[in-house]
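Good morning, and thank you for making time for this item.

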Amino acid sequence: MNVLVVSDVDLMTGRSGAERLLAGHCQGLAKRGHSVYLIAGTRDGRGNAVEEIGGVRVYRYRRSLRSCLGSFRLFRILARHVRFDVLIFHQPLSGLGVLLAPGSRHLPKACVFLSPWGEEYAARVPDGKSRSSYLNLHAGGRLLRRSVERFVLKACRRIFVLSRFMAGRLEAEHRGLNGRAAIVPGGVDLDQFRPVHDRLAVKEMLGLPLRSPVLLTIRNLEPRMGLDHLLQAMQSVVKTLDDVILIVGGEGPIEGALRDLAHRLGLERAVRFEGYVPEERLPLLYQAADFFVLPSKELEGFGLVAVEALACGTPVLGTPVGAIPEVLGGLEPDLVFGGTRPEAIAQGIRGHLRQFRADPQRYEALRKRCRIYASACFGWDRIIDRLEQELLDLIDRVEEKTRCGA
């Protein structure tokens, strides 16, 4: 197949789940021998740069509020030289540009629906602002985002969602798209993310206490991620388990507020902020951690970091939000906290740390099951099998309809 993927984000940065999913789809299809082209938005000065990455031919435009103009222009150029078999839109705004371009109308189209675009922006309400006042202020923008998203979704015969939860959110936000949703979960590179034999050596390399339990979370530092609740929970946890260490990886708009909160809670010795975690350091942190914590408050459509941690043999503890119970429930339902509040998170962490210390053999068996589960359900080979078959079926249906229409 000649596959064109269109995205608001780039293949190179890999900082968010959207970018990591984009890379997995593009490079996974390229490894199968398909010709994969990517139109990607960038803000790092690489606008208009063209290069090949992992078998994917990448064409970039400078991302802005007018991103659809960049994707419109690049599609028109590419369509003169390549006959595309299928288009895949990873975000609505760049997808809109391609849909408005001549030559795209009769091509088979699919879309990746990560979350409702308007709802995702609403979930980024800064701390201290009223949710209702924020939504009133930005109601016009949210309506516009929803309208653009619906226009793109209606143009696609297949809509890929990462979970049953997000399939439900798609139906609630955009009714009338019956039969178009297909669940294609996120994937993990099982060679990059894998257990190590000597975890103490990894802890030592990272400068972590060798005998202290280590908790890890890696997130975009935004309000919906629940990191304030995790810090409040840690204040309770360290009162009874004072040697516990929490590593917070990632960057974002509330990083300063989280650091201030940790200071006010007296957690300077218990919490370590890593900032942005480079790709090569990610597996080491997962391998060193005794538990990964996913404290999301809302709108968790999948959680790629969770399956990366599981692939490294690290148990994941998470709130009962979005798709987290789907991802963790298939392994062990007890890994899901009883709620999202700090008290529920603290109770869950304390319980698992006590079991970890009381029965090390049971804990090591759980670590092995984490790896087996991730390999069986989320390895990229398995995910690309499903994606590839969905795309081939889509192309066949469109060709059959064209023949019948003729």
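Leaving aside neighbours within four places in sequence, which residues is Leu231 in contact with? Please note, before I reply, that this is a predicted model. With those neighbours set aside, the contacts of Leu231 are Leu246, Leu258, Leu261, Ala262, Leu265, Leu267, Val271 and Phe273.

Leu231 belongs to the largest nonpolar core, which has 105 residues, and together with Tyr286 it has the most contacts inside that core. Helix α16, residues 380–405, supplies the largest share of this core, namely eight residues. Another core lies apart from it and has 32 residues, among them Tyr59, Trp117, Leu153 and Leu177.

I turn next to the strands. Strand β10, residues 245–249, pairs with β11 in the parallel sense, over four bridges. The chain passes from β10 through helix α10, residues 255–264, to β11, and this β-α-β crossover is right-handed. Within the pair, Gly249 stands opposite Gly275 of β11. Strand β11 spans residues 271–275, and four of its five residues are buried, so the strand is largely enclosed by the rest of the structure.

Finally, consider Leu285, which is placed in helix α11, residues 282–288. Its relative accessible area is 2%, and because the cut-off for buried is under 20%, Leu285 counts as buried. Beyond its neighbours within four places in sequence, Leu285 is in contact with Leu206, Leu216, Ile218, Ile247, Glu274 and Val277. Leu299, by comparison, is 14 residues from Leu285 in sequence and 25 Å from it in space, C-alpha to C-alpha.

Terms used
Residues numbered from 1 in each chain as written. Predicted model: local features only at pLDDT ≥ 70, side-chain atom pairs only at ≥ 80, totals over all residues. Heavy atoms only, no water. Helix = DSSP H or I, 4+ residues; strand = E, 2+ residues; numbered from the N terminus. Buried < 20%, exposed > 50% of the residue type's maximum accessible area, 1.4 Å probe, protein only. Contact = heavy atoms within 4.5 Å. Pairing = 2+ DSSP bridges. Right-handed = clockwise from strand over helix to strand, strands pointing away. Core = buried A, V, L, I, M, F, W, Y, C linked by side-chain atoms within 4.5 Å.
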